[in-house]
Amino acid sequence: MSRINDVGGMQGFPPIEHELDEPPFHADWEAHVFALNRALLGQGVYNLDEFRDAIERMPPEEYLASSYYEKWFHAVTTLLVEKGICSATEIHGG
Amino acid sequence: MAELFAAGDDVRTTRVDPSHHCRLPRYARGAVGTVLELQGSYRLADDSARGIPAEPEPVYTVRFQAQELFGSGNHVVTVDIWESHLAPAKGTSDER
Amino acid sequence: MSDDHHGSAAAIAAHVRHVEALLEERGLVDPTELDRALVAFLARSSPAGGARVVARAWSDNAFRERLLDDANAALPEMGMSMGGGLQEQRLNVVANTDTAHNVVVCTLCSCYPIALLGPSPTWYKSEAYRSRVVRDPRGVLLEFGFEPDPDVEITVWDASAESRYMVLPRRPTGTDGLDEKHLAELVTRNGLLGVAAV
């Protein structure tokens with residue numbers, strides 16, 4: 001399926017970056033996104049396929065510019081709005 | 001549920017490029033490979049992602065030669081593929 | 001909808017806190033429980049667990065066979081599992097030999113045996129790795145400083161469905177006298193993914 005996440009075989013990406021002994025999360029907010037997503041999945045607010053689908057629906061330029069957990073957070077907020085848990089205004093409001 | 005394929009069967013992946021979520025990578029579309037192993041039965045991700053009810057169906061590990069996928073390379077790539085995305089391959093990969 | 005997406009780390013951290021607070025208001029999350037679950041997860045899921053499994057397989061041929069045949073059934077022998085939270089996934093352990101080398105990837109996203117090994121490394125999730133390793137595994141391994149012999153067949157396992165993959169590296173030579181604890185210390189996460197020999 002030709003969405004931006006489907007990169008197998010695609011050419012032109014930069015050299016792989018190696019980080020020795022990297023921690024599980026590089027910032028607190030990443031750990032929170034991780035935990036939040038697991039909790040929402042566990043409660044059946046959405047399923048893993050819907051979660052992946054939400055990431056894949058990111059505009060390509062945004063997908064490529066986003067870090068891994070930025071992608072996750074995008075999916076979480078997208079699904080919270082699409083599932084009617086929060087409104088778009090609430091999610092992005094102050 | 002009965003499986004269509006067994007280990008050792010030659011299979012061809014679909015060429016279809018759907019507009020929805022799909023777990024068949026584009027590099028493995030329209031390719032001939034050999035079934036290595038049944039992974040179990042699972043609801044088709046395409047449907048699960050869209051809230052479409054689906055019965056579990058067999059998922060197979062399919063083995064492809066790199067030549068078949070990319071036209072180069074001497075390695076092997078395996079992909080785990082839902083039965084919906086597979087058909088029996090007619091003859092060998094030489095006949096297309 | 002995503003205007004503040006690439007703002008500073010502070011901006012995204014604030015946004016995450018905002019969403020958490022919103023969900024707490026709705027009674028959907030309990031921050032204390034989130035923290036507890038995360039700490040528990042990280043404690044039981046880490047590369048050290050994978051290393052212990054490998055060390056056991058190197059030391060005990062019968063366990064090795066059970067692991068390769070049905071890893072999900074073998075892991076509990078060591079107090080580990082692919083469960084613990086979300087749905088248990090099938091784990092396939094693929095063994096390196098003198099003629100076969102295995103590498104693991106998820107080209108479509110970043111599927112990884114997280115229940116056993118904990119969160120995956122950043123490089124594994126990168127478009128660079130995911131795009132290149134299926135097309136040019138030897139080139140990618142070279143980027144990691146690893147060069148299998150030319151006559152070794154490389155298999156790249158793309159975890160595109162519900163199963164997860166882990167490599168069983170070859171036991172290094174000259175390690176006959178080592179006990180499991182010391183054998184485990186030889187195993188790296190990169191080895192468990194196939195981008196290093198061990």
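This is a predicted model: local features need pLDDT of at least 70, side-chain atom pairs count only at pLDDT 80 or more; totals for chains, interfaces and linings use all residues.
Chain A contains five helices and zero strands. Read from the N terminus, its elements follow the order α-α-α-α-α. The C-alpha trace of chain A spans about 40 × 35 × 25 Å along its principal axes. Chain A has 94 residues, of which 40% count as buried.

Chain B has two helices and five strands. From the N terminus on, the order of elements in chain B is β-β-α-β-α-β-β. Taken along the principal axes, the box filled by the C-alpha atoms of chain B is roughly 40 × 30 × 20 Å. The radius of gyration of chain B is 13 Å; a compact globule with 96 residues would have a value near 12 Å, so the two agree. Of the 96 residues in chain B, 36% are buried. In chain B, 56% of the contacts with a separation of 6 or more come from residues 24 or more positions apart.

Strand pairing in chain B can be followed through β2(B). Strand β2 of chain B covers residues 32–42, and strand β1 of chain B covers residues 10–13. These two strands pair in the antiparallel sense, over three bridges. Within this pairing, B:Val11 has B:Gly33 in β2(B) as its bridge partner. Strand β2(B) is also joined to strand β3 of chain B, residues 57–65. Seven bridges link β2(B) and β3, and the two run antiparallel. Here B:Ser41 stands opposite B:Pro58 of β3(B).

Chains A and B touch each other. Eleven residues of chain A are in contact with twelve residues of chain B.

Chain C is divided into two parts. Domain 1 of chain C takes in residues 9–42, and domain 2 takes in residues 46–193. The C-alpha centres of domain 1 and domain 2 of chain C lie 31 Å apart.

Terms used
Residues are numbered from 1 along each chain as its sequence is written. Chains are lettered from A and ligands numbered from 1 in the order in which they are written. Helices (H or I, at least four residues) and strands (E, at least two) are DSSP runs, numbered from the N terminus. A residue is buried if 20 or more other C-beta atoms lie within 10 Å of its own, exposed if 12 or fewer, and partly exposed in between; C-beta atoms are placed from the backbone. Two strands pair if DSSP finds at least two bridges between them. Domain bounds come from an automatic or database domain assignment. Two residues are in contact if their C-beta atoms, placed from the backbone, lie within 7 Å. The radius of gyration is taken over C-alpha atoms; the globule rule is 2.2 Å times the number of residues to the power 0.38.
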